[in-house]
Structures are given as C-alpha cells and as structure tokens.
Amino acid sequence: MSSKFGSRAAMYTRYTGAPRQVACTEIRAVAPTAPVVAGPATTAQMLLEAEVFSWVLETNRAYTEYPLGIEYVVPRPDGCTVHLESGTRADTLLTGLLPCYEPGRLEEVHGVHGLRVGRRTRHGVELYRLGERTSLWLTGPSQRDFSRAVDELAARVVDLGWTPCWTFGGWTDAEERWEEQQQPLIYEPAARAAAWLPSGLLRRVGLFHEVAVPQIVTGYTGLLGKLCVLQLEHLPCGPMRMDQLLEALTDTQNGLALHVSNHRLRNGEDQDCGEFRLRDQAGNAILELRYDRFDDQYLAGRGDLFDAIVHRIEGVAGRAKPTSPGGR
C-alpha cells in the first residue's frame with residue numbers, strides 16, 4: 001500500500017467515519033486525483049440529502065454512542081449510504097423522513113416530500129424521491145429491524161387516522177395538493193442555493209466523532225434552509241477540539257467552501273461556551289456551531305452507554321495532539 005493511498009484512506013475515515021476496510025475499498029474504486037469525499041452528481045440528489053440531514057438533526061433527541069446516531073456514511077456521486085448505529089435510531093429517523101398525510105383543518109403532509117421506500121436487502125433499505133433518480137441507503141440494523149420499523153410506523157399513522165403516503169406507488173392526492181398549495185421547501189430558491197451545506201455535512205458526518213468530541217449533536221435548519229445550527233454538547237471537563245473541527249470543515253481539499261465569519265464567547269472569557277458562524281463567499285449558506293458543556297446525571301446513570309461515549313471521546317482526544325497549548 002502506497003503512502004499516498006494510505007493517507008487518502010485515512011482521510012476518508014476522518015471525514016466519513018467509515019472503517020478502514022470500507023475506506024480502502026472506496027478509495028481504490030476511484031481515480032487517485034478524485035476528491036476523497038465525493039459530492040452528489042445531481043441537484044436532485046443534493047436536495048434529498050439536504051432534507052435528510054435536517055431530519056437527522058430534528059430527530060436526534062436521545063443519547064447514542066455516536067453523536068448523531070450515525071456510525072459512518074459512504075458517499076458516492078450517485079447516492080449515499082448512511083450506516084445507523086441501532087434499530088432505535090432507524091425508528092426515530094424513519095418517523096421523521098417517511099411522508100404521511102394529516103387530515104383536518106391544515107391538511108398537512110409531514111416528512112420528506114415524495115419520499116418512498118425502494119429496494120430492500122439483508123443489508124438495509126433504499127429511500128428515493130418519486131420522479132427523480134435519487135438514492136439514499138440506510139444500513140446498520142438488521143433486515144428484520146428495518147421491516148419492523150416501517151411496518152410499525154405505518155400502523156401508528158393509520159391509528160391516528162392519517163395516511164402513510166410512502167406505501168403508495170405514486171403520488172397521493174394529498175401530496176399533489178400539498179405541492180400545489182404549500183410549495184415544499186425544496187422549491188424555495190434560498191433552500192436550493194444552500195442545499196450543498198446540509199448535503200455536504202451529511203457526507204462528512206464522521207467529523208463529529210472522528211475529529212470533534214461532543215456527547216451529542218442536536219440542531220435545526222432555518223431561514224428557509226439557509227441556516228444550519230449545530231449544538232455540540234460536551235462533557236463537564238476535557239477537550240472540546242473546536243479548532244480541529246473548524247480546520248477540517250474549512251479544509252480546501254476535503255472540507256466545505258466555508259470561512260469563519262464570527263466567533264462570540266457566550267460567557268465573557270469562558271472559552272468553553274461559544275459560537276462560531278461560518279459562511280460561504282456568496283452568502284447563500286450559514287453554519288452555526290454552538291459549543292457548551294453539560295453534566296447529565298441521567299446519562300451518567302446509564303452505565304454501558306455512558307462508558308461507550310466516554311471511550312469514544314477519550315479515543316479521539318488520545319490519538320491527536322492539540323493544535324494550541326490550551327487544546328481548545
């Protein structure tokens with residue numbers, strides 16, 4: 001194995017979180033001059049990934065071994081594989097993603113517009129958007145776990161008197177009315193211009209446990225998709241690795257086209273509580289990183305999970321030297 005190949009594989013793992021074997025397979029399959037982290041080949045794929053990442057944030061409200069409940073991703077030009085850490089995370093994510101119709105005064109369609117379940121294998125399930133060549137695979141949990149998650153979600157939706165739109169082969173009347181009357185976010189010019197940011201973050205999700213050391217990452221998107229806010233909650237003591245994450249995110253070869261536009265300390269001179277705001281040159285997208293520390297006694301009482309999170313954090317902190325004496 002050449003040193004260049006080895007360094008590219010290591011960089012792939014750093015950004016995607018993928019195991020070494022997966023990283024080597026993916027790097028071997030592309031040209032030596034190809035980007036380490038592939039971007040989506042089409043606008044449709046990018047828009048789907050942007051919506052998926054928004055729901056990854058929205059549905060992440062419980063502690064998991066990995067900060068977003070995602071062990072690793074495998075980004076390719078024609079699609080992306082998201083390897084989830086557990087069946088529970090599959091449940092919560094699919095609950096947000098799969099579209100369902102709520103009748104009544106608002107007649108609202110929840111979830112990702114036009115999303116459907118495609119191929120199913122023993123490794124996972126494929127999601128795609130109707131009428132478009134898009135592909136996003138969810139893997140990790142067993143085939144039985146995925147089938148149970150989809151079937152139980154459909155049953156819950158029906159019990160509410162709603163309609164599980166994803167069980168229909170084509171567009172439902174409710175979805176067509178929703179598209180005509182409400183204009184889903186994917187049609188907003190601001191969201192389309194900024195979609196490269198959440199899509200790019202999904203394809204680089206490994207950074208949040210290979211470079212950064214939070215207990216959990218939550219967040220949301222706003223300003224019609226222009227703003228992406230990530231809240232990184234850390235242990236009461238220990239490194240936060242702010243500089244290292246910023247360096248990786250803004251790396252000219254493997255990161256995103258962002259620059260730090262503002263840094264504000266929330267508590268006077270307290271270096272542990274701050275916000276970084278990053279933008280692109282065109283001003284189409286904003287990424288806000290909010291750092292804090294949190295001593296959660298409930299988490300500390302869950303021995304196995306707490307030990308796994310601490311082990312992950314110590315592993316990252318132990319294999320990399322801080323870039324400054326303070327190791328911010």
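Between which two strands does the loop with Glu-107 lie? Glu-107 sits in the loop between strand S3 (100-102) and strand S4 (108-110), and View 2 comes back to this residue.

This is a predicted model, in which local features need pLDDT of at least 70 and side-chain atom pairs count only at pLDDT 80 or more, while totals for chains, interfaces and linings use all residues. Residues are numbered from 1 along each chain as its sequence is written, and side-chain values use heavy atoms, with hydrogens and water left out.

**View 1. The whole chain.** The protein chain comes to 12 helices and 13 strands (DSSP runs numbered from the N terminus: H or I of at least four residues for helices, E of at least two for strands). Its radius of gyration is 20 Å, close to the 20 Å that the globule rule gives for 328 residues, so the chain is as compact as a globular protein of that length (the radius is taken over C-alpha atoms, and the rule is 2.2 Å times the number of residues to the power 0.38). Along the principal axes, the C-alpha atoms fill a box of roughly 60 × 45 × 45 Å. Buried residues account for 50% of the 328 (buried is under 20% relative accessible area, exposed over 50%, partly exposed in between, with a 1.4 Å probe and protein chains only). Of the contacts between residues at least 6 apart in sequence, 63% join residues at least 24 apart (contact means heavy atoms within 4.5 Å).

View 2. Glu-107 has a positive phi of about 45° although it is not a glycine. At 36% relative accessibility, Glu-107 counts as partly exposed. Leu-223 is also not a glycine, and it has a positive phi of about 55°. You'll find Leu-223 in the loop between strand S9 (216-222) and S10, and at 56% relative accessibility it counts as exposed.

**View 3. Val-229 in strand S10.** S10 covers residues 227-234, and Val-229 is part of it. With 2% relative accessibility, Val-229 counts as buried. Its C-alpha is 5.2 Å from that of Gly-219, 10 residues apart along the chain. Leave out residues up to four places away in sequence, and Val-229 touches Leu-57, Thr-218, Gly-219, Tyr-220, Glu-288 and Arg-290.

View 4. Apart from neighbours within four places in sequence, Glu-175 is in contact with Pro-99, Val-109, His-113, Gly-114, Arg-116, Cys-165 and Gly-170.

**View 5. Helix H4 and what it packs against.** Within H4 (residues 87-97), the buried residues are Gly-87, Arg-89, Ala-90, Leu-93, Leu-94, Gly-96 and Leu-97. They pack against helices H3 (43-58) and H5 (143-159), plus strands S2 (79-84), S5 (115-120), S6 (124-129) and S7 (136-139).

**View 6. Helix H12.** H12 (residues 303-319) has 17 residues and reaches 24 Å from its first C-alpha to its last, close to the 24 Å expected at 1.5 Å a residue (the expected span is 1.5 Å times one less than the number of residues). Buried residues in H12 include Leu-305, Ala-308, Arg-312 and Val-316. An α-helix has 3.6 residues a turn, so residues three or four places apart point the same way.
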